[in-house]
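Here's a quick briefing to read alongside the model. Have a look at the fold, then work through the points below.

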Amino acid sequence: MGIAERKLRQKEEMKSSILEAAWKLVQQDGWQFLSIRKIADAIEYSVPVIYYHFENKEAILLEFTREGFQLLTQKVGEARDETDQVDQQLMRMGKAYRDFAFANVEYYQLMFGLGIPTCDMVNSIEEVKSFSDTLTGVIKTAIAQSRTPDADYWLKFHTYWSILHGLVSIQMIGGQANPDPRNELVLQDAITGFISTLGLS
């Protein structure tokens with residue numbers, strides 16, 4: 001291994017150590033208490049070492065946001081692929097979304113700390129765009145098979161996402177780490193209502 005390759009590997013290892021330490025701190029104290037100083041203390045390096053690898057705390061949070069959306073897209077995509085029926089895809093994707101949120105509360109709170117990402121964020125972060133594309137792909141298919149093929153897919157996409165995010169947020173605000181089983185019925189009812197607005201035959 002050459003000098004350049006060794007330096008690159010060492011840089012990646014340090015970056016991984018920083019992210020690992022940051023994640024442990026988040027699980028211990030929450031996002032609001034994460035700081036560059038605490039991360040530096042945790043890995044026993046100076047603050048400038050952290051800044052060498054990450055411009056600021058927000059850059060570290062962005063890394064976790066990317067990871068979170070990557071995981072969410074994977075789970076939602078797997079749920080989609082369980083069936084070819086578009087209405088069932090929407091139902092299963094909604095359940096997978098909810099399950100991800102409560103199995104990964106730290107990720108979800110960071111990903112949606114300020115609500116649903118804006119269009120600019122969706123377009124500028126590849127992992128968020130991939131998630132968006134996964135949902136819109138199914139919604140476009142649903143619209144194409146519906147009695148209203150000229151429906152606005154962008155509107156339907158945001159309606160669907162708002163339903164999912166809204167239901168999860170209500171449960172999280174209520175401190176329900178283990179969701180009330182009755183909320184399963186609420187989710188089913190909400191998605192069933194959404195599917196009916198698409199006018200699927």
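Which residues in α4 meet which residues in α8? From α4 come Arg66, Phe69, Gln70, Leu72, Thr73, Val76, Gly77 and Arg80, and from α8 come Glu126, Glu127, Val128, Ser130, Phe131, Thr134, Leu135 and Val138. Contact here means heavy atoms within 4.5 Å.

Keep in mind that this is a predicted model: local features need pLDDT of at least 70, side-chain atom pairs count only at pLDDT 80 or more, and totals for chains, interfaces and linings use all residues. Residues are numbered from 1 along each chain as its sequence is written, and side-chain values use heavy atoms, with hydrogens and water left out.

**α4 and α8**
- Helix α4 (residues 57-80) packs on helix α8 (residues 126-144) at an angle of about 20°, and their axes are 8 Å apart.
- So α4 is roughly parallel to α8 (angles under 35 degrees count as roughly parallel, over 145 as roughly antiparallel).

**α9 and α10**
- Helix α9 (residues 153-173) and helix α10 (residues 182-198) cross at roughly 170°, with axes that come within 11 Å.
- That makes α9 roughly antiparallel to α10.
- On the α9 side the contact includes Tyr160, Ile163 and Leu164, and on the α10 side it includes Leu187, Ile191 and Phe194.
- Sorted by class, there are 10 nonpolar, four polar and one charged residues in this contact.

**α5 and α10**
- Helix α5 (residues 86-103) packs against α10 too, at an angle of about 145° with axes 10 Å apart.
- Among the α5 residues that meet α10 are Asp87, Leu90 and Met91.

**The nonpolar core**
- The largest nonpolar core has 56 residues, and Ile39, Ile60, Phe64, Leu90, Tyr97 and Tyr160 touch the most other members.
- Such a core is a set of buried Ala, Val, Leu, Ile, Met, Phe, Trp, Tyr and Cys residues joined through side-chain atoms within 4.5 Å, where buried means under 20% relative accessible area and exposed over 50% (1.4 Å probe, protein chains only).
- Leaving aside neighbours within four places in sequence, Phe64 is in contact with Leu19, Ala22, Trp23, Trp31, Tyr107 and Leu110.

- Most residues other than glycine have a negative phi.
- Glu44 is not a glycine, yet its phi is positive, about 60°.
- Glu44 sits in the loop between α2 (36-43) and α3 (47-53), and it is exposed, with a relative accessible area of 73%.

Terms used: Axes fitted to C-alpha atoms, helices over the stretch in contact; angles between N-to-C directions. Helix = DSSP H or I, 4+ residues; strand = E, 2+ residues; numbered from the N terminus. Parallel < 35°, antiparallel > 145°, perpendicular 65-115°, else oblique. Nonpolar A, V, L, I, M, F, W, Y, C, P; charged D, E, K, R; others polar.
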